[in-house]
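Trainee: I would like to go through this model and ask what stands behind the labels used for it.
Mentor: Go ahead.

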Amino acid sequence: MQSPRKHWPTAATFSKSPVENWLQWSAWSWQSRKADKRTRRRRYRLHYSRRAWLAVLLCVQPSLLAAPVELVRESFDEGAARLPVITVMESLRQEQGTARSASLAGWRREGVQVGTLPIPQGALVVEYDFRAVRFGSQGQEFTSQTPSTHWYMLYADAGGRLHLHTRHEGQWVQREMSSSSLRLDTWYRATVSLTRTSIAVRIEEKAGNALVWESLKPVAMDDIGDEMTFILCDEAPKEEECSTEWDNLIVSTDDPALAKRFSAHLKALAQERDEQERRRRVAAELQKRGIALLPMPQEVQLRAGMYRLPKAPSLKAMQGCKDAEVAAVRTALKDVLGSEVRVVSGSADIVLRRMSGGQLANARLEQQYRLAVNPKGIAIEARSPQGFFYAAQTLCQLLDKAGSVPHVSITDAPAIENRLAMIAIDQGGFQVVDVDYWKRLLRELAKVKITHVMPYFEGAGFLYEKYPFITAKGENGFTRSKSRELSEYAHQRFIKIVPQQQCLGHSGAALHFEQLKDLRESGDVFCSSNPKTFEFFADLFDELVLAFPYGDYIHVGGDEFAHGFAQCPQCKARAEEIGKPGLYAEHMMHVRDLLKARNRDMMIWWHEQGYTEEAADRLAKDIVIFDWHYGNQPSYPSLDRLQKKGFVRTWATPAVTRYYDPGDDFDNTFGNIQGFLRAGAKANVPGECTCTWVQGIWGGRNIFELNLYALLWSAECAWNPVASDAELFHWKYAKLWLGLEGDGRGEEVRRAIHAPYGDAKEQKFWRDNRELEPIIGETPTATAKRIAERPEIVAEAQALLDLCANARRILEQWQKEVTRNRVTVDFLLNDVHIHEVAARKILAVNALSKAWIVSREKTPAERKETLAPILTQLQSLVADLNEIEAMYRRSVLEAGGGECGWGGWVPFITTGGIQFRAAEGRKGIEQALERIKASEGNGPVPANLP
Ligand SMILES: [Zn+2]
């Protein structure tokens, strides 16, 4: 037999497979800003034993380990071919810190032990340096995180089990592999067996030893083949040079137990697919008749025939119906029809009946309703005012332009009881909380059956009457009277407004004030030992309860505090006594008791370093845990883990906008929302929260208005996750949100909103907003320098303009046609405009650079002629930048815009007043224009660009 090394390639690249997509997501989200061209391509090298022909690929969930991770074999014991190869990593970088593999020899010299063991052979030790992070808002900036180093160690024992340890205060502590606390929660080990004609792959998730097919759902059995393609190629592969494509992938295992689980899993998948298919068929039938229901009801039977509803329909409530139930239907219909519904005692268009009570298996069934339309009229049955309200909302969506409703029977109830939209008004956005805008928001979210809206207060958003100084927005933010008015409006539409007030970390905006310095543990974290801390919280809660009288919860944050936790002598001593998780539990339980005394339940973020889980036995189980994950993960095993810890009120928490978001990637957002809410519904979670963070980032582009698109998608997925379908959603969005009818509308939404700038996997300059944004604000000289460093951006700018032209064509047509929510389209166009301006600036500066050199040799007249067209381009950019600035101001007043006074990585927006980097960019161009004009005389032309 020939040496396999000659026959078989030494490295493999996953390409265009779901695995690649998933890895790419993970890698993307942490991609270093200045990653060089080489590391921008991610390669996952695959090494295998000569003897066993068994290859082992170890993929580390790279959210910790930064993007360009290359895993390279360090050593391989051929006698133990089934042991994973432990690897050395290179190029580990990320925004907030640096990870690197540490020298094993160094550790051994120090005699560091893992429990009672010395560091095992082949262990991977990662040293991770967090650098200090500067936080700031409203003109205040301070260092929040102290630089610190963390160590993680991974190794496999003789039985092939992986172990993860972390080092705390000189001690190595074993972590459960299932712990998410280190973001190393998900380990995958793929065993890839190569034969001449096939590849056998076995992927296991080490967390809980689950079969990975469970986790890597996109790689279901039947997907393997056409979609999952491994490309095998030589060392240092270039995709175009890859030699062999394997289109038939055979998955095999010699483990009978695994095979059994595998087949059970496939059976469950097949059942789920059948159900999805059945619901899709119903949805397609509705679409054919031009009916858009969002969210999609659970059961719909459509029949021929229509019932004509008069403009002011009559309504009759049968015996047993409560006034509140009649009012609910009237409110819903009035919001849409604009006219009052007449209540009559005789025959009526709409008849309300109470569903018989009885013990409900699940609280979500309180919202159940039946809606039947036949030639005689419309019958609604429900068991609560909320159920009647939702039936009426569905009825409104069934209404066509002529005021007719199709004959239909609908039985409906949500898959997830509580459906919350979170709005981070204190992380940019909503510089002005306009009551009318918020009413529109509540009305629109009620139409898609959202139950809770949560404004987030880190400091500036709510005007506390006792502590007005912490509220930078003042009367522009939430005041007590605005809050009460909105709460009342929301209450009529079955939405509860839940305030979120940070009560542990993330509180720098309040704690930097001198008046509160006693409560400060360090930076932006509250002291857990000072009784005044809790007196302060009690004051805040008293005001929040008054302002939001209908809420059942208050969210108190509780994430991202460990950097400043347990530092004062009292807290330190207590932490030494009962551990940091113990101190955390004491703090949270104290806050929880304050809320209980005010008849509110406590909501918290799951703490990403594991305190929530470690403190599980000390925390009351009536606490609602928001289990947040913002990437499109193959699975969400943490739901199960938290439930097993006893947290029965765990809510699935995806996001529309993520931190460190490299760019517009709605595929990720949609996948995250759908996947998480499907997993949540399966796990019977009582609630979901969809977050919209950091409005105002991306150079002021991510205003709240544009987040509504994906919030509607989350409404769809939370109510009926099985039937959710992005393609159908796009069509429904066009119809319901914008009032656009017609078959091709879904495709238009995809091209103008979902992916206007092409495939998000392509690595173009505009994909990283942190690269796009500065281009708008910088001087032409700086842009010229940028082009010199990365000449390819000139071609990319041209490509971007073509994409923008496509999106613009659609959006401008919409501006003429939309009948609702025109403001959304205006701001979508603004987003396209910002992209266009960045691209045009690159092209104009590039032309200027070239023409400048040539024109130096020419006569003044020739020079003027050469430069004239470029001057015109620059002048039009000035007008463009003025327009962007004007739109930014408009967003602040009427679309949830505002400065993001948070973090140094948002270069566009400065703190204090409505300022926008577009103004800087405009001034830079104007100055350049002046200098060019000045050089038009007979004097010598300077070598440098103006
Ligand atoms: Zn303290």
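Trainee: Why is E444 called buried?
Mentor: E444 has a relative accessibility of 7%. Buried means under 20% relative accessible area, exposed over 50%, and partly exposed in between, computed with a 1.4 Å probe on protein chains only. The value of 7% is under the cut-off, so E444 counts as buried.

Trainee: What should I know about the origin of these values?
Mentor: The model is predicted, so local features need pLDDT of at least 70 and side-chain atom pairs count only at pLDDT 80 or more, while totals for chains, interfaces and linings use all residues. Residues are numbered from 1 along each chain as its sequence is written, and side-chain values use heavy atoms, with hydrogens and water left out.

Trainee: What makes R820 and E444 a salt bridge?
Mentor: Their closest N and O atoms are 2.5 Å apart. A salt bridge is a side-chain nitrogen of Lys or Arg within 4 Å of a carboxyl oxygen of Asp or Glu, and 2.5 Å meets that limit. R820 lies in the loop between α25 (792-817) and α26, and E444 in helix α10 (residues 435-447), so the pair ties together parts that are 376 residues apart in sequence. The helices are DSSP runs of H or I with at least four residues, strands are runs of E with at least two, and both are numbered from the N terminus.

Trainee: Is R820 buried, exposed or partly exposed, and what decides that?
Mentor: R820 has a relative accessible area of 26%, so R820 is partly exposed.

Trainee: How do you know that D539 and K466 form a salt bridge?
Mentor: The closest N and O atoms of D539 and K466 are 3.0 Å apart, which is within the limit for a salt bridge. D539 lies in helix α13 (residues 531-547) and K466 in the loop between β28 (452-457) and α11 (480-491), so this pair ties together parts that are 73 residues apart in sequence. K466 counts as exposed because its relative accessibility is 51%.

Trainee: How many salt bridges does the structure hold?
Mentor: It holds 47 salt bridges. Another of them is between the side chains of E340 and K334, at 3.2 Å from N to O. E340 is partly exposed at 41% relative accessible area, and K334 is partly exposed at 38%.

Trainee: Why is the arrangement around the zinc ion called tetrahedral?
Mentor: Four donors count as tetrahedral if all angles lie between 85 and 135 degrees; four count as square planar and six as octahedral if opposite donors are over 155 degrees apart and all others between 65 and 115, and anything else is irregular. The 4 donor atoms here subtend angles of 95 to 119 degrees, so the arrangement is tetrahedral.

Trainee: What makes a residue a donor of the zinc ion, and which residues are the protein donors?
Mentor: Donors are N, O and S atoms within 2.8 Å of the metal (3.2 Å for Na, K and Ca); water is not among the atoms, so sites may look incomplete. The protein donors are E521 (OE), C527 (SG), C568 (SG) and C571 (SG), at 2.1 to 2.3 Å from the zinc ion. Their spacing in sequence is E-x5-C-x40-C-x2-C, and both C568 and C571 are buried.

Trainee: What makes a set of residues a nonpolar core?
Mentor: A nonpolar core is a set of buried Ala, Val, Leu, Ile, Met, Phe, Trp, Tyr and Cys residues joined through side-chain atoms within 4.5 Å. The largest one has 221 residues, and W438 and W814 have the most contacts inside it. Helix α26 (residues 822-855) gives the most to this core, with 17 residues.

Trainee: Which residues does W814 contact?
Mentor: Contact means heavy atoms within 4.5 Å. Leaving aside neighbours within four places in sequence, the partners of W814 include L738, L740, V825 and L828.

Trainee: Why is I578 called buried, and where does it lie?
Mentor: I578 counts as buried because its relative accessibility is 19%. I578 lies in helix α14 (residues 569-578).

Trainee: Why is Q393 called buried?
Mentor: Q393 has 2% relative accessibility, so Q393 counts as buried. The residue is in helix α9 (residues 385-398).
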